[in-house]
Amino acid sequence: MCQHQFYVAKPALKSSVTVCARMRRDLRGALLLLLTAAVQSSSMSAPGKPVLLSCRSPEKETFTCWWEPGSDGGLPTTHHLYYERERLEGTYECPDYLSAGRNSCFFDKNHTSIWVDYYLTVMASNALGNATSDPFKMDVMEIVKPDAPGNVTLRVEEREASPCLHVRWMPPSNTDTKSGWVTIKYELRVKKDNSNNWKEYTSGTQTHFSLYSVSPGGVYTVQVRCLLDHGSWSEWSNTTFVKISNYLQNERPLSMLISILSAILFIMAGLILIAKRKSVKQWVLPPVPGPKIRGINSQLLQSGGSDDVGNVLIIKQSFPPIYFVWEDQMEDYLIVTENEDWLSSNSQKRKKSLIPACFHFDSEIHSKESPCHQNDWEKDEEISQVDNNNKPFTNTGYVDFQRNVENVDVKHVDYSRVKEVKSDNIIFLEKEKVQSSGYIHFQRQEGIPEDYSRVKEVESDHLVVLQKQNAADLSCKDEGNHYTDCALHKPRKPHVCTELSDSGYVDTIPAPPLM
Amino acid sequence: MPGTIRSVSLVWVVLLVCLSSRRTSVGAAPICTNGQVGCHVLSLDNLFDRVIQHSARMHGISSDLHSEFEQYFLPSKNQIGRVGRICHTSTIITPNGKENAQRMAREQLTEVILKLLIAWRDPLWHFHQSMAHHHDFNNFSSNKALEMNDMVHELRQGVEKVAEKMQVLGIISNSVTSLASPEVLLPSDSADWRLMKDYDLLYCFRRDSNKVQNYLKILKCRIVPNHGC
């Protein structure tokens, strides 16, 4: 009776095989079948490839390397570390697998050389095969990372003004800092209570440090770490706590009271200042007095009351000869035109360009000294050009305000430019804008010496008839905007009237606007 | 009157002659002798500190340049080329550990330092030239290369001064041959470095500058131990 029952512990194949002892071959075959089934059921295989993780030297005299094994294939797997070294023939095995723990290799002083390259490989092997990791190249100079400093102690020194914290520690025990082989540097960090803001300080090579920015009533946490030469920083040491008592509590209320009182005082002072800001402003920044023209009220002019303006501008004074010197009268030049529409319409526009010292109502530019800048004049030209009434100025002239005014009785003073002289007793005055100074310079072509002529008659408003010994009156009357019955038969623009004054100078008076 | 003038001028002439003769007789000897008042003599301790600082800075620059090169060229960290990197200073026997360095005699250690510094004089100069011509590198790297080159020069002079002082003070014997004829120390097959690539040159120099710094520190702590050790 050969009844053997074999149970295969695979969930899918729960079958019992009954084999008869007689069939040995069948048994062998069955055993083989069993084995393969067993292998398939537990998936045993060659080991997976291990990976070398890192190496580290804590004091630049020894070093340790760690690896990560791959899958073990279900079988007991052993790992071996082999290395080759620069300037050393042959392949060697790790001298110490135990001192540094599992999956590690420790190289002691005899097996460590600095400034040479090591090539490490780890081989995992089990019953079914081997697996070798990728080679790992390293130089001890590059893998230096010390242990954390130890024995960190804190001591609070309570002084009158503020407390201070003294920290002391020891270098890591395995590091030799006395022989000059390595230079150690320390760093510490401090945090208060439970915040996450660490404040870091470097300590150089000293094993103590003092903190002065500590305040009472808090719990301080301190940690220290170190560095060797040009390597990596160690881990932070264990944390150490210290609580600083707040013995200064009773002094606080007084300082708080003082600060509150001064704050109240400041606020009150500020409120008072704000309430009286106008007077403060006047006191701090006194208004600058502007230049004043006698007889001229700038606000009146700006408001644009034309009758008043006209009256204001009329001055009673006598005039020196026509080409009087401008230099003496530097102030208060004024050009006046009787084109009142223009005046009123432009005065509003001109508000900002009205300068008390220089009221200009038209664009006549005097090329000699003028208190106004040329730009202002030109600006006004443009403004008046833009102002598209297209009215040429009826009556343009200069008004000069002299300080030493004699009692003269001149109604108004206007100057007009002579446009043309017809024969020797007819003067046509220009009505359009003139580009240059407009004093009347009388020049006759016949060679008659320059002198003054008496005006006989003024026809229309730009025609002046001068007296001649044998003068034949040529009068041109204008109708509308052009001449008729005029010997010249030239179209003219509206004219300026002139009136004879007692002294015989050519003066013009503003004629009523003809437009 | 003329007699006094003559005597005064004679005195002046004598003084001048004396001064000039003193100056000429000084020659190459140091102006400050030990114990002279008002003369600032650098102690050996001070000299050592200076050269150590100098070497630390030199090593820092070489590390920076090396990491910059690594960024550009990205050599594989685990390259299999084991025989690939042989530094041209491999022929110089250097102690490879703390005990070996401490066991070495002072004169020998000083000589090793000087040999290393001399061996790097030409390669660094050519390295700087090749960097200046390559427009891949920015001015910063090229400046660093020049600085490195200058520092090797200055450091070598500094170490020679230290060795001189040690000899004067009797700390070491006069057997340091490098001071006599530096060119003797150059390795016979010194043209090896021309075959090296720039990256390998930097790698080797970073290592050698670390060696120089370490050896100097060991020397200092052995000869003038103080708080700095």
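**Entry 1: the contact**

I looked up which residues meet, counting heavy atoms within 4.5 Å as contact. Chain B brings 31 residues and chain A brings 29 residues. This is a predicted model, in which local features need pLDDT of at least 70 and side-chain atom pairs pLDDT 80 or more, while totals for chains, interfaces and linings use all residues. Residues are numbered from 1 along each chain as its sequence is written, chains are lettered from A in the order in which they are written, and side-chain values use heavy atoms, without hydrogens and water.

I then noted the buried area, the accessible area (1.4 Å probe) that two parts lose on being put together, summed over both. Between chain B and chain A I found about 2700 Å², with 44% from carbon and sulfur atoms.

**Entry 2: charges and helices**

I searched for salt bridges (a side-chain nitrogen of Lys or Arg within 4 Å of a carboxyl oxygen of Asp or Glu). There are eight between chain B and chain A. One of them joins Glu61(A) to Lys98(B), with the closest N and O atoms 3.3 Å apart.

Next I checked helices, which are DSSP runs of H or I with at least four residues, numbered from the N terminus. On the side of chain B that touches chain A, α2 (44-73), α3 (98-103) and α7 (198-223) each supply at least two residues. α7(B) gives the most, 11 residues.
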